[in-house]
Amino acid sequence: GRPVRELHYYEFGDFVPLKLTKVMAFDPSLGKNKKSDFQALVTLRGPTAQGWFLVHRVELLRIADPLLLAKRLDEIYQEEVPDIAVMEAISLGHWIEMLTTAEGKASRSFATWLRIERQEDGKDVRIYGCAPALNNGTIRFPSDHRFRLLERQWLDYGDSGSKKDGPDVTEMAFRFARPIKTLGAAGIRHTPRESRRIDGAAQRDRGFGREPESNSRMFR
């Protein structure tokens, strides 16, 4: 069945002035036609004083030209200046990450993307594991419904043919946002029955705190 029963909201303007950690996640796809998966980008800010993580920006793109996609990603990066930007760099994503990094150097934005080169769990497992954070209001959407398409993807998820790209990237952003402020060296691995398992083994320093054990083999 559907893992997300309800969504929770926040007033976008109330939180704009606050300095909150910003994590941007992106998952490429070919984007060759209207039926293709979206090239999904989700940015979360948080945690807030209430412990919320706020959906701050959503881009569901279909840009068939890889060079134009890299240019658009660099533009978004410059507009948002995230504390952490992470991209799934598996297969096609590897080349998109290289193009985007090159575009960042050319534009002198010097965009830096962490590369996920391996996902420890399957897409469905990760999405089901993230769902409790939406049901209990830990992850919240703007109350003006500016990201209605992503809301719809979450509420429809579990139905036959439901889209996975937006929820999948939301989970990626949430995975990297949580350890920064709330768990330190501990990591979260999402599973359907156990949405939060703490892995406390010390990992090598990546410049923003020690890396979660569940993610330790994702990077080179």
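This is a predicted model: local features need pLDDT of at least 70, side-chain atom pairs count only at pLDDT 80 or more; totals for chains, interfaces and linings use all residues.
Author: Residues are numbered from 1 along each chain as its sequence is written, and side-chain values use heavy atoms, with hydrogens and water left out.

Reader: Why is Val81 called exposed?

Author: Val81 has a relative accessible area of 56%, and exposed means over 50%, buried under 20% and partly exposed in between, with a 1.4 Å probe and protein chains only, so Val81 counts as exposed.

Reader: Why is Lys123 called partly exposed?

Author: The relative accessibility of Lys123 is 30%, which lies between the limits for buried and exposed, and therefore Lys123 counts as partly exposed.

Reader: What does Lys123 touch, not counting residues up to four places away in sequence?

Author: With that exclusion, Lys123 touches Asp27, Lys164 and Asp168, where contact means heavy atoms within 4.5 Å.

Reader: What makes the phi of His145 worth noting?

Author: Most residues other than glycine have a negative phi. His145, a residue other than glycine, has a positive phi near 60°, and Val81 likewise has a positive value, near 45°.

Reader: What is the peptide bond from Gly46 to Pro47, cis or trans?

Author: The bond from Gly46 to Pro47 is cis, with omega near 10°. Most peptide bonds, by contrast, are trans.
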